[in-house]
Structure formats: C-alpha cells, structure tokens
Amino acid sequence: MCCETNRRFLLLFASQKGQAKAIAEEICQQAKERGFKADIHCISESDKYNLDSEKDPVVVVVSTTGTGEPPDTAVKFVKEIQNKALPSNHFSHLRYGLLGLGDSEYTFFCNGGKIIDRRFQELGAQRFCEVGLADDSVGLELVVDPWIVGLWVALEQEFASRKEAANHNDKSASPSANTISSSDIDSKMEHLKLKDLEQKNGPLSKNVANVPCIQYSQPSLSQSMPTLSQSALNVPALSPEYLKVEFQESSYQDASLPLVSESSVFQVPVTKAVQLTRNKAVKTTLLLELDISETMFSYQPGDAFNVICPNYASEVEELLHILGLSEKKDYLVCLTVKEGTKKRGAAVPLYIPPKSTVKFILTWCLEIRAILKKAFLRSLVEYTADSQERRRLQELCSKQGSSDYNVFLRNASVYLLDLLRAFPSCQPPLNLLIEHLPKLQPRPYSAASSSLFQPGKMNFIFNILEFPSHLGQLRRGVCTGWLAELVTPILQSSMEGEEPFSPKVAVLGLNLRIMTIATSHGRDSEIDRQIYALDKAILFVSISSRLTNTFHLPDNPLIPFMMVGPGTGIAPFIGFLQHRQKLHEVQKDLTFGKTWLFYGCRHQAEDYLFQDELRSFVENGILTHLKVCFSRDSSVKEATATPKYVQDNLRLYSKEVTRILLKEKGYFYVCGDAKNMAKDVNDTLVDILIAEIEVDKLGALKMLATLRDEKRYLQDIWS
C-alpha cells in the first residue's frame with residue numbers, strides 16, 4: 001500500500017492573507033523531518049488532487065474571512081462539496097484532520113473551517129484527529145503549536161492502524177474507533193516533545209544554550225527578564241530560503257503607481273471629498289465620490305469593493321535605508337527559485353510582477369506592517385550581528401518566550417520597521433522579506449450610494465484610523481491615512497463655517513497620483529509628482545470588485561426590513577435608501593414594505609452622519625422609522641433613561657423586531673464594528689426572542705441560525 005511505503009498524506013490549505021499557507025508549509029517541513037510525505041496544495045488547485053479517490057489521510061488548514069466566509073481560494077471548493085446531489089457516503093473513504101483559523105472578535109469564529117468540517121461529516125468522512133480552532137485575537141500559536149504536535153501522534157496512530165489492518169485482513173475495525181481523542185494526544189505529547197529536544201534540527205530545533213546577557217529591571221521588546229534570559233530555549237526550525245534576488249539597473253519605474261494588469265482592477269478619479277464630522281469629533285470621517293462612468297465597474301447597493309493602496313512612502317524610504325538598498329531602490333529585481341532549495345513547492349510569488357523595482361515591491365506588493373511570525377523572527381536571527389540582539393530574537397520566537405512575543409510584539413502591533421529599529425545589527429536581505437511578509441492586501445469598503453440614484457458615481461465613507469505605536473507615537477491606518485492625504489487638495493467640510501481638518505503629518509510622498517489637465521490642448525498632460533494642482537487636479541485610486549457580495553436589498557420590495565448601522569456602519573443603508581427613493585420617483589405606484597434604521601454616534605453636534613439626508617428620507621416616506629441615539633451626550637432629564645447604544649433602542653422595540661422577523665418574514669441587517677457592536681446586537685436579539693416568544697437561549701440561537709441560513713439576518717462587519 002502507498003501509505004505503508006512513503007507515509008504520504010494530502011495537505012490542503014485555504015488562505016486569504018497567507019497565514020494558513022504559512023502554517024501548512026510549516027507542517028510540510030516538519031513532516032519531512034518526521035519521515036512523512038506531505039503532498040501540499042492550495043485547495044483551489046483541484047486539478048492536482050482528487051478527494052473522490054483519495055486513499056491517504058487528508059489534512060486541511062483553512063482560514064476565515066469577511067463575516068464568516070471561507071477564503072476566496074476555497075469558495076469554489078465549498079460550493080462543490082455543498083452540492084445537495086452528493087450522497088451521504090460520498091466521502092466515507094476519507095480520513096481527515098482539520099485546523100481552522102479565525103478571530104473570536106467576529107461572531108462566526110473559525111466559520112470557514114467549521115463549514116468544511118461539518119460538510120465532510122455530512123458526507124461520511126471520519127476524523128483521525130480532533131479539529132483545532134486557532135484564535136488570532138489571542139495568538140494563533142496557542143492552538144496551532146500543540147495541534148501540530150498532536151497531528152504527528154495522530155498520523156503515527158493512523159498509519160500504524162492501516163498497517164495492522166493490512167496485515168490482519170481477517171479482523172475488522174470501525175474507522176471511528178481509530179480516531180485520536182484529545183486525551184490520547186495529551187498522553188503522547190510529552191514523549192514527542194522530549195523526542196523533539198533530542199533532534200538537532202527537528203521542528204523545535206536545538207536547545208539554545210545560555211549566553212551571557214544583561215539583566216534588566218523592566219522587560220521590553222529588546223530586553224527580557226532574567227527568568228527568560230537565563231533559560232534554555234526551544235526555537236523553531238530554520239526555514240530554508242528559496243528565492244534568489246538579482247538586481248539590474250534600469251530605466252525609472254514609477255513606484256507611486258500600482259502596476260495594474262488585472263482586467264478586474266479599475267483606476268478611477270476621485271471627484272469629491274467631504275469631511276462629514278466636526279474637527280473636534282473623536283474620529284474624523286470622510287466621504288469620497290468616485291467617477292466610474294468610464295469603466296465596466298458596476299455595483300449594487302450594499303456591495304463592498306476593494307481599494308488598492310500603497311505602503312507609506314516614508315516607511316518604505318526608511319526601510320530601504322536600513323536594508324542598505326537606498327541606492328538600488330530603482331533597480332529591477334529578478335526573482336528566481338534557488339537551485340537545490342529544500343523548500344517544498346517553492347515558487348516566485350505571483351503578486352510580484354516581473355521587472356519590478358525594489359521600491360515598487362516594498363510600496364505595492366508586501367505588507368510591511370504585518371505582524372511578524374515566529375518563523376520570520378527565527379530567520380532574522382541569522383542576519384543579526386550583535387549576540388545580545390540574537391539572543392533576544394531567539395527568545396521572542398521560542399516556546400519559552402511566547403508570553404513576551406504576545407505582549408511586546410503581537411499585541412503591541414510591532415512591525416518590521418519597529419523591530420529593525422530596536423535591533424540595529426539586524427540587516428536581512430530582500431529575499432527574506434519577500435519570503436516571509438504577506439501580500440499587501442486591498443482594503444474593503446462598503447458603497448454608500450446607489451448607481452440608480454447617482455449614475456456613474458460611487459460614494460464610500462471611512463474613519464481615518466489613528467492608533468499609537470508600541471512607543472506611543474501616533475500612527476494612521478495604511479489605507480485610510482493614504483486616502484486622507486490623497487484628497488487633501490479637494491477636501492470640503494459638510495459643517496457650515498468650519499474648515500476641514502489639516503493632516504498633521506505629510507506621509508504621502510510619491511504615493512500621490514495627480515494628473516493635471518492641459519487646458520490649451522484639451523487632454524491629459526504627463527503625471528506631475530511634485531505639486532498639488534488644486535482645482536485642476538484629478539486624483540486617482542484603483543478599485544476592484546469583491547468576489548462575494550450578499551448584503552443586498554430583498555428582491556421583493558414589499559418585504560419589511562430593519563437596519564442597524566452606528567457610525568460609518570450607516571454606509572450601505574444610505575445606498576439602500578437612495579435606491580428606494582429613485583425607484584419611488586420612477587414608479588409612483590410602487591409599494592414598499594416598512595423600513596427601520598437604528599443609528600448611533602457619540603455626539604449629535606459632532607458626528608451625526610447624513611443627518612439631513614436621513615431627515616429627507618423620513619419626510620419622503622422612504623424611511624418609515626428612524627431611531628437615533630447618542631452615547632456621549634447627556635440626557636436632558638437625568639431621570640430619563642435615554643438609549644445610549646443601538647441595542648438599547650432595539651430592546652425598546654422588541655415586539656416590532658419579533659413581528660418583522662418571525663411573522664412578516666422580514667430582513668435584519670447589521671453593519672459596523674464586529675468586536676463590540678455586532679456581538680452586542682446579536683446578544684440583544686437573543687434576549688428579545690427569549691422574552692417575546694418564551695424560548696430558551698438555545699432555541700433563540702437556533703432561530704437566529706435559521707435566519708442566517710435563509711439570508712434574512714445579514715452582517716457586514718469589520719474589526
């Protein structure tokens with residue numbers, strides 16, 4: 001049998017941002033060292049594997065994206081296995097293990113993995129080890145590391161059982177009897193860990209000896225307490241480098257512009273920018289209007305789309321300086337796979353276009369603000385000259401240093417540039433960054449308009465994200481900060497008598513694209529990278545459609561619905577209401593179901609978004625009920641319990657919520673913050689169902705699950 005000779009297993013990964021892929025590659029590397037053969041593939045590469053005829057064990061590592069959807073690479077796979085025509089024994093021959101990645105700050109934690117696991121079970125597949133669900137909000141490694149250790153125990157048992165079954169054909173055993181439970185794994189993990197320590201280059205690598213070090217009174221990113229600094233360490237195995245970088249002098253490539261080769265990406269002008277909040281508001285909210293009239297881009301109210309953004313020019317320039325690449329920033333980079341690399345499935349990343357310059361790669365291709373993985377820290381050790389800095393990097397990537405890693409690196413959002421500042425003797429080569437940093441992801445935004453109401457235009461709104469670095473310095477979000485700087489020349493204020501905010505730090509640099517209009521010739525002139533052309537400027541951004549969009553109005557206009565969208569969560573609902581208004585103008589006799597909007601903000605006078613528009617929708621009968629609350633405004637009468645949050649208003653109208661959802665088969669939409677608001681609204685719905693129809697909590701949860709399955713409880717949420 002195949003499994004007896006090479007101990008092969010099929011390893012599939014479904015990744016959105018690269019984490020599932022990185023973990024699968026780590027499993028693949030460890031498998032080789034343990035005498036297994038991992039046949040690794042992206043789950044989308046269906047031409048390279050066939051689950052229908054797969055006889056060896058299957059291991060799946062899958063992330064979750066959006067509001068609980070599988071990653072884009074798994075959409076086709078999930079659709080295929082959810083085919084209702086498949087018999088219940090379709091996968092009865094499969095034995096599998098699954099590791100799901102997610103974030104518990106979202107309502108549907110690890111739902112991508114749960115969907116696949118549940119469907120595998122429904123189709124007769126059997127687990128040979130328990131499902132692992134890793135939480136990115138506390139640190140994936142807390143589950144991933146022990147799950148991988150347990151995987152080797154389970155695979156050893158699985159192959160031993162198969163061998164025994166092959167040698168004793170007269171004996172039959174139930175497949176489920178061979179499933180390794182958590183207790184079975186726990187009982188064997190200690191032996192496996194001790195075995196790891198004896199392996200010089202095993203998955204936990206060698207035991208790092210103590211090195212002379214200074215004892216510090218306060219631990220930090222660059223220094224540890226004696227309890228750790230004097231400990232022996234178990235560090236990860238060193239990942240084999242697999243990319244070869246060659247530099248070629250060339251003509252200048254404009255790193256301020258994305259190299260757009262995909263037909264689904266459109267460069268569109270920004271025709272309007274409006275500040276919706278007062279300057280003294282806690283958060284600054286901007287509205288941008290895009291002109292899509294000259295493109296094939298289309299959208300429905302409620303759709304989300306992607307904005308393709310660059311890294312900050314100032315951060316890229318500093319990174320070039322630290323890496324010693326400033327003089328080569330405009331050189332072309334030729335990437336090839338190193339001959340003889342031990343990296344299985346090594347390939348040049350597809351998201352780095354051929355003939356890209358060094359600066360272009362760091363500006364548009366790599367997420368230089370990504371949280372650094374332990375495997376990357378381990379590789380950085382090899383390029384760190386100072387012995388104490390080397391030791392600290394080893395501590396941060398070791399099992400013994402997991403707490404320090406979480407406190408000083410992961411939770412503090414320490415990025416590569418922060419780390420290189422703190423460890424000045426560390427100078428990694430460019431290939432190491434390309435191998436370990438994930439792709440710079442486009443940022444999703446919800447359309448805040450209707451193309452029926454505004455033909456050829458699309459609006460979206462966003463808060464300028466601001467947060468402190470690990471040293472307390474103010475930082476802005478990669479995309480929101482870039483957009484805010486981009487539109488500064490055309491920014492208006494929606495507040496009468498108030499000038500729009502002035503950005504505190506000019507960080508845009510060459511990331512600004514301005515095309516000036518040549519009035520004498522009537523056509524666009526060359527790109528002017530140096531000056532703001534103010535009233536003659538056309539500012540461009542690149543956008544693309546999202547693969548999956550389900551946050552839409554009911555097909556039947558008579559169906560009532562409720563919308564919950566505090567803050568910028570109101571965006572898609574403005575599109576809903578604009579769409580309804582235009583339909584009403586075109587077809588006067590068209591009848592609509594009742595609409596409710598639960599909106600909230602901090603202060604009525606500072607950050608009440610679209611106040612005039614909402615009042616107009618109510619007056620025109622487009623919006624039946626508008627319920628607004630202000631969480632930071634004092635009540636006129638202190639004795640009155642004024643609702644502070646949207647969920648407070650929902651409780652006040654619990655009978656209406658129950659009637660619309662259950663009796664009138666209406667829709668319920670939630671848009672906004674996933675960490676607090678969306679969870680609180682979900683909990684409130686549970687409480688309402690318990691109180692109004694007298695079911696227990698489990699019954700209420702089942703009812704909400706049914707609403708989700710029927711696509712009548714829809715969420716568009718973010719962290």
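How many residues does helix α22 have, and how far does it reach from its first C-alpha to its last? Helix α22, residues 697–709, has 13 residues and reaches 18 Å, close to the 18 Å expected at 1.5 Å a residue. Welcome to this structure, which is a predicted model.

- Five residues of α22 are buried, namely G699, A700, L704, L707 and R708.
- The cover over these buried residues of α22 includes α20 (654–663), α21 (674–693) and β27 (713–718).
- Just after α22 comes K711, with a positive phi of about 60°.

**A three-stranded sheet**
- Strands β9, β13 and β14 form an open sheet in the order β9-β13-β14, and their pairing is antiparallel.
- Because β9 (243–248) and β14 (356–357) stand at the edges with a single partner strand each, one side of each has no neighbour in the sheet.
- Strand β13, residues 332–337, pairs with β14 over two bridges in the antiparallel sense.
- L332 has T357 in β14 as its bridge partner.

**Where α2 meets α5**
- Helix α2 (residues 19–33) and helix α5 (residues 141–167) cross at roughly 35°, and their axes come within 11 Å.
- This crossing of α2 and α5 is right-handed.
- On the α2 side, the contact is made by I23, I27, Q30 and A31.
- On the α5 side, V144, W147, I148, L151 and W152 take part.
- By class, the contact of α2 with α5 has eight nonpolar residues, one polar residue and no charged residues.

Definitions and conventions: Residues numbered from 1 in each chain as written. Predicted model: local features only at pLDDT ≥ 70, side-chain atom pairs only at ≥ 80, totals over all residues. Heavy atoms only, no water. Helix = DSSP H or I, 4+ residues; strand = E, 2+ residues; numbered from the N terminus. Expected span 1.5 Å × (residues − 1). Buried < 20%, exposed > 50% of the residue type's maximum accessible area, 1.4 Å probe, protein only. Contact = heavy atoms within 4.5 Å. Pairing = 2+ DSSP bridges. Axes fitted to C-alpha atoms, helices over the stretch in contact; angles between N-to-C directions. Left-handed = near helix turned anticlockwise from the far one by under 90°. Nonpolar A, V, L, I, M, F, W, Y, C, P; charged D, E, K, R; others polar.
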